[in-house]
Amino acid sequence: MLTRILTTAIFAGFITAFLAALLQFLLVQPLLLHSELFESGVMQHFGTSGAGTPAHAELPGFDPLRDGMSVLFTAVIYTGYAFLLVAGIALASEQGHEITPRTGILWGIAGFVAVQLAPAMGLPPELPGAAAADVAARQVWWFGTVAATALGLWLVAFGRSPVIWAVALLCLAVPHIIGAPEPDVFTGPVPPEIAAHFAARALGVGLASWSILGMLAGYFWNKEA
Amino acid sequence: MNTEAKVAVKSQALVGSNILAIAFAAFVGVGLIAIAGHVQATTLHDAAHDVRHATGFPCH
């Protein structure tokens, strides 16, 4: 069992990380670099001219150290995601549920909802320089939301009675009833157009990557059987 | 101990070790995510900065 978990998590995690890093460089990183021009003051939004802020800027190119670190940490994070996902898959498999690459995609989407979408409803993926509440408080809410959402989705999927489903609904709703820690003032220097685009792309890349992760986890789980 | 009881004990031990393996995997997963996504040590934060933002972890 342990060998099967390790092999599945590491292979699925590493392959997904490579694709996720590629998507990040193509879709997310340009917006991050653009926002840093505003964070550092090279560009300013809401200038006095009233003519608006130019929407296009020259962005710094490939940075071997910075981007290399990004690939490395994408690998660590997606391997972490993979371990959590495969732990869930192994538990379901223990209980007699069949896991295939097809059902793996569902597992991946559920993982995306628990780890990225649900927390993003309170703490949207933020650009550097955005105003936010105390980081420790946000991390507590983040971990709590991930745990409650994962449990809620598990109960939706495997629960067999209306009472269980009611508990599931409660698990899914409670983090948002409590609400994420919010900043006292807004200080973000970046145009909202870039911030909105960034949040949407971060989530889109997350969904794509988690779907691939789930499919690969399903594939390697069966291959190692 | 008859054969049936032996089989039962063995399968119980197997289930136990499986649960341990699953718990270990979950622990490793949370650990990796906490290190790469949440620990605020400056070096770690700077190295993981772009990925933390791109994956929506609470950063800064």
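Reader: By class, how many residues in the lining of the second largest cavity are nonpolar?
Author: In this predicted model, local features need pLDDT of at least 70 and side-chain atom pairs pLDDT 80 or more, while totals for chains, interfaces and linings use all residues. Residues are numbered from 1 along each chain as written, chains are lettered from A and ligands numbered from 1 in written order, and side-chain values use heavy atoms, without hydrogens and water. The lining (residues with an atom within 4 Å of a cavity point, on a 1 Å grid, where a 1.4 Å probe fits but cannot get out) has no charged residues and 3 polar ones. By class (Ala, Val, Leu, Ile, Met, Phe, Trp, Tyr, Cys and Pro nonpolar; Asp, Glu, Lys and Arg charged; others, with Gly, polar), the nonpolar residues number 7.

Reader: How much space lies in the largest cavity?
Author: The whole structure has 3 cavities of 30 Å³ or more. Lining the largest are, among others, Tyr78(A), Gln116(A), Ser209(A) and Val51(B). Helix 6 of chain A supplies the largest share of that lining, 4 residues. The space in this cavity is about 80 Å³.

Reader: Which residues are linked in a network of salt bridges?
Author: Glu36(A) forms a salt bridge (a Lys or Arg side-chain nitrogen within 4 Å of an Asp or Glu carboxyl oxygen) with Arg66(A), at 3.0 Å. These partners lie in helix 1 and helix 2 of chain A, 30 residues apart. Arg66(A) also meets Asp50(B) in a salt bridge, at 2.6 Å. The network therefore consists of Glu36(A), Arg66(A) and Asp50(B).

Reader: Is Asp50(B) buried or exposed?
Author: Asp50(B) lies in helix 2 of chain B and its partner Arg66(A) in helix 2 of chain A, so the pair joins two chains. Because its relative accessibility is 3%, Asp50(B) counts as buried.

Terms used:
1 Å grid on protein atoms, 1.4 Å probe; cavity = no way out; pocket = protein on both sides within 12 Å on 5 of 7 lines; lining within 4 Å. Points joined across faces, edges and corners; volume = space filled by probe spheres on them. Buried < 20%, exposed > 50% of the residue type's maximum accessible area, 1.4 Å probe, protein only.
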